[in-house]
Amino acid sequence: MLKVKKIIVGNWKMNPLTLKEAEKLFLDVAKNVSSLKKTEIVICPPFPYLEKLRKISKKIVLGAQDVFWEEKGAFTGGVSAKMLYNIGARYVILGHSERRAMGESNFDINKKIKASLEADLIPILCVGENFRDETHAYFNSVKTELEECLDGVKKDFISKIIIAYEPVWAISSTLNHHSATSDDCQEMNIFIRKVLADKFGVKIKMPRILYGGSVDDKDAGDFIKNGGIDGVLVGHASLDALKFSKIVKICEALNK
Ligand code: PGA
């Protein structure tokens, strides 16, 4: 069976403040990972930096942090999937909890996923519950997100998508956040596969599944080794070139 390539994604969010800083951070990572071969590395900077960063390294693939579902036209402030593809982005983070908190619905995300696939951009679909309690209702909230966000997506496209399980309570920007464990991650990973098999059939080729939520160079190895996942989505630690490169190297070493 063909081995699935592990992937490390850096989500810079709305950082850094200047193009100069962005170029330095990107270049520092690029230098550190230049000899690695087995791990796919994706960095998702703010829109204005994409085109400049693309010229710095071929090894690091670029992604965006959002997209609008229409291709072009009178949509002030919108950036389309085709535009992103045309300037060199190949991935796009969709449904991040920080965007959901600003009002983005599963219905919106569904349209963004379809538009991205249409333009050959790979969606990194974020799902994850806000909190956990003893009733285990969190399984249902992840199930609803998956079902609604992927509704009407063609079976054959499912394996192209990346699912990032990001429990909101573990993301560093959440007040009083606390760490998830590789067991939490493994459990949800199995559950996500089950939801996808129930919706699209047991024969579908599964997408890659990532974990995200305060991942750093101390725990990335545990998540990758014991969480049953195909990589990690890294937020704040991706703003530190050394830490991010270390995470990539840990993944590479585990990817035998
Ligand atoms: P974090 O962010 O690693 O800073 O928790 C992850 C994310 O929000 O994608």
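Arg100 is buried, and Glu145 is buried too (buried is under 20% relative accessible area, exposed is over 50%, and partly exposed sits in between, with a 1.4 Å probe and protein chains only). These two residues pair up in a salt bridge, with their closest N and O atoms 3.5 Å apart (that is, a side-chain nitrogen of Lys or Arg within 4 Å of a carboxyl oxygen of Asp or Glu). Keep in mind that this is a predicted model, where local features need pLDDT of at least 70, side-chain atom pairs count only at pLDDT 80 or more, and totals for chains, interfaces and linings use all residues. Residues are numbered from 1 along each chain as its sequence is written, and side-chain values use heavy atoms, with hydrogens and water left out.

**Salt bridges across the chain**

- The whole structure has 16 salt bridges.
- Asp151 and Lys199 form one of them, the closest N and O atoms being 3.1 Å apart.
- Asp151 sits in the loop between α6 and β6 (162-165) and Lys199 in helix α7 (residues 182-200), so this pair ties together parts 48 residues apart in sequence (helices are DSSP runs of H or I with at least four residues, strands are runs of E with at least two, and both are numbered from the N terminus).
- Both partners count as partly exposed: Asp151 has 42% relative accessibility, and Lys199 has 33%.

**A salt bridge inside one helix**

- Lys24 and Asp28 meet through their side chains in a salt bridge of 2.7 Å, N to O.
- Both belong to helix α1 (residues 19-33), and because they are 4 residues apart, about one helical turn separates them.
- Lys24 is exposed at 53% relative accessibility, while Asp28 is partly exposed at 21%.

**The second largest pocket**

- This pocket holds about 350 Å³ of space (the volume is the space filled by probe spheres set on grid points, which are joined across faces, edges and corners).
- A pocket here is an open set of points on a 1 Å grid over the protein atoms alone, where a 1.4 Å probe fits, with protein on both sides within 12 Å along at least five of seven lines.
- Its lining has 14 residues, and Lys13, Met14, Gln65, Asp66 and Arg99 lie nearest the centre (lining residues have an atom within 4 Å of a point).
- The lining divides into 7 nonpolar, 3 polar and 4 charged residues (Ala, Val, Leu, Ile, Met, Phe, Trp, Tyr, Cys and Pro are nonpolar, Asp, Glu, Lys and Arg charged, and the others, including Gly, polar).
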